[in-house]
Amino acid sequence: MRWDLLRALAVFSHCGFGISLYQHPLSSPGIAFDWHKLAGEVEGRLYAGEPFSAPCFNSFGSDECRAIQAGYGDDIFRSQHFGAYVNTNWETCQATGHICLLNSTDPTDVAPTLPPNRCSLGSVPGRYIDVRKPDDVSTAFRFSRKTGIPLVVKNTGHDYKGRSSAPDTLALWTHNLKNISYNPEYTPEGCSGPQPAVTVGAGVQWGEAYAFSEAHNITLVGGSDKGVGVVGGWLQGGGHGALTNTMGMGVDRALEFKVITPDGKYRTVNACQNEDLFFALRGGGGGTFGVVLEATILASPPVNLQVALVTWDTPDLVRTASLWAILVENAERWAGEGWGAFVTGESVLYLTPVLDAASAAASMRPLIDFGKQLQAAGVPGAAVNVLEFPSWGTFFNTFADTNSADIGMNLALASRLVPHANFANATAREELLGALLTAHARAPGLRFLVSPPTSFPGDGSTSVTPAWRDSVYHITLVQTWGWNATIEEKRAEYRKASNAIQPLRDITPDATYSNEADVYEPNHEVAFWGEHYPKLLEIKHKYDPDHLLDCWHCVGWDANSPRFSCYL
């Protein structure tokens with residue numbers, strides 16, 4: 001539900017929303033005209049931010065509340081509501097305890113909505129523009145420069161580090177930019193040499209893009225969560241998935257961007273014009289250099305996928321250690337044969353677009369034999385499946401919900417890239433296995449993502465850390481907490497996540513994925529961008545000299561900005 005400003009301000013006190021020094025009611029002298037003028041300049045598409053769960057604090061038995069409860073753990077449903085984020089801690093002000101949450105384990109639990117609990121705006125931006133055209137963004141930049149009101153950029157809210165929410169800000173919501181088209185002979189403006197490509201608006205999500213690609217008999221390389229945006233933080237931060245080993249990262253496949261830079265100019269950005277910005281937008285991170293309204297990405301022919309899947313039901317550290325030992329022992333060979341994977345303590349799913357069925361079965365023989373041993377031993381739920389899919393879309397539709405992220409929960413995440421050196425010999429592999437098992441014991445949700453571009457060297461023109469090209473594994477782990485956790489309990493979970501990844505930090509270079517990193521990642525400039533950071537900082541100063549765009553641990557961020565006041 002979207003409220004117009006007058007209605008929202010009228011009910012602020014009812015929901016416990018506060019007006020701070022940086023949020024001004026419409027009647028404030030000198031400020032009211034600016035907000036009303038802004039609303040007119042964006043054709044009335046200026047709205048007040050509302051916490052996702054606010055309807056349940058207003059009327060717990062209402063139809064609107066029941067819809068919120070039903071969709072609490074659904075990333076697509078959440079993405080359709082401006083005030084919702086995939087991880088709910090970014091809807092709250094963690095530093096003050098101001099929240100408006102339901103119980104993620106049971107959204108029908110009335111307790112979070114009962115006194116003395118109150119619904120507070122938290123980190124949800126106080127106002128937002130529903131962006132539909134370039135002038136909306138240019139207008140917002142002018143408004144921010146004039147008033148000092150900070151800006152944030154939000155699409156789906158699928159952000160593990162809170163970069164698309166901030167208190168007392170004006171947000172640019174790009175979710176409704178849903179244009180998508182296919183051109184089998186696309187040539188970026190000012191360039192030569194046509195390629196098959198798909199142009200997508202900033203609001204298109206991977207579930208939509210994959211359905212489109214199936215309908216047009218093409219392959220798009222993207223993420224594993226259907227609710228993630230195609231051209232927002234995923235693409236601009238690097239973009240990895242199960243096919244990136246052989247087909248490249250998102251940034252390797254970006255052909256062109258349409259972007260509004262903080263000077264208000266609508267720019268075409270590609271390898272032939274605004275080349276420095278093209279470099280920055282391919283790995284330097286979203287919400288930093290400009291607001292991307294659409295991007296054009298490479299389309300590939302359909303791929304036939306061979307899949308090997310082994311699972312069992314009950315966690316067992318001995319079995320996990322045995323499984324992971326097989327994976328580590330074969331990691332480099334499998335990466336070289338084009339396999340990508342999703343791995344947990346009780347499951348492993350490998351897929352490759354490179355091998356035929358017979359070659360794939362031979363390649364995966366150690367894993368398949370392990371699964372059959374589990375079955376022979378009568379391990380509950382033990383299953384072995386060797387499958388074939390005619391396209392990425394058919395595979396994705398089968399497994400999309402299996403490998404999606406934690407949704408509708410408070411969450412702290414940490415990650416690490418694991419390079420070839422950690423697989424170089426038996427001693428290194430043993431050390432790596434020990435570190436993985438120690439990390440898993442500290443945070444049992446650890447996942448292997450075999451998604452680095454191991455078999456795709458790239459051309460050196462992107463701004464992601466070069467460590468991606470030398471890595472075999474991308475390891476992630478999480479810690480969670482309840483809706484009513486204290487401030488100190490929240491701090492403790494962030495510390496636990498960082499402590500859990502430390503055994504891997506101790507044996508790997510300083511490299512991790514900027515989109516899926518510890519919120520308090522040490523030496524983040526090097527860990528995220530490596531040798532590229534100085535150049536990215538120079539580009540940031542060129543295109544955003546007034547620092548109108550800022551976000552946590554982004555290029556050139558201002559750690560003392562009040563927009564970060566809700567971080568712990």
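This is a predicted model: local features need pLDDT of at least 70, side-chain atom pairs count only at pLDDT 80 or more; totals for chains, interfaces and linings use all residues.

User: In which sense do strand β2 and strand β4 pair, and over how many bridges?

Analyst: Strand β2 covers residues 127-130 and strand β4 covers residues 170-173. The two pair in the parallel sense, and the number of bridges is 4.

User: Which strands stand at the edges of the open sheet of 5 strands?

Analyst: This sheet has antiparallel pairing and the order β5-β6-β9-β7-β8. Two of its strands have a single partner strand each, so one side of each is left without a neighbour in the sheet. These edge strands are β5 (180-186) and β8 (266-270).

User: Which residue of β6 does Asn 183 stand opposite?

Analyst: Strand β5 pairs with strand β6 (residues 195-201) in the antiparallel sense, over 5 bridges. Within β6, the residue opposite Asn 183 is Ala 197.

User: Why is strand β12 described as largely enclosed by the rest of the structure?

Analyst: Here we count buried residues, and buried means under 20% relative accessible area. Strand β12 runs over residues 347-352, and it is largely enclosed because the number of its 6 residues that are buried is 5.

User: What is the bridge partner of Ala 341 in β12?

Analyst: Strand β11 (residues 340-343) pairs with β12 in the antiparallel sense over 4 bridges. The two form a hairpin, with 3 residues between them. In β12, the partner of Ala 341 is Tyr 350.

User: Which residue stands opposite Val 348 in β12?

Analyst: For this one we turn to strand β10 (residues 305-311), which runs antiparallel to β12 and is joined to it by 6 bridges. The residue opposite Val 348 is Val 310.

User: Now for the rings! Why does the pair of Trp 324 and Phe 448 count as tilted?

Analyst: A pair of aromatic rings is described by how far apart the centres are and by the angle of the planes. Planes under 30 degrees apart count as stacked, over 60 as edge-to-face, and the rest as tilted. For Trp 324 and Phe 448, the centres are 4.8 Å apart, and the pair is tilted because the planes stand at 55 degrees.

User: How many residues apart in sequence are the parts that this pair ties together?

Analyst: Trp 324 lies in helix α11 (residues 317-336), while Phe 448 lies in strand β15 (residues 447-450). Trp 324 is buried at 0% relative accessibility, and Phe 448 is buried with a relative accessible area of 0%. The parts they tie together are apart in sequence by 124 residues.

User: Over which ring does the charged end of Arg 127 sit?

Analyst: The charged end of Arg 127 is 4.1 Å from the centre of this ring. The ring belongs to Trp 35.

How values were computed: Residues are numbered from 1 along each chain as its sequence is written. Side-chain values use heavy atoms; hydrogens and water are left out. Buried means under 20% relative accessible area, exposed over 50%, partly exposed in between (1.4 Å probe, protein chains only). Two strands pair if DSSP finds at least two bridges between them. Rings of Phe, Tyr and Trp (its six-membered ring) pair if their centres lie within 6.5 Å; planes under 30 degrees apart count as stacked, over 60 as edge-to-face and the rest as tilted. A charge sits over a ring if NZ of Lys or CZ of Arg is within 6 Å of the ring centre and within 35 degrees of the ring normal.
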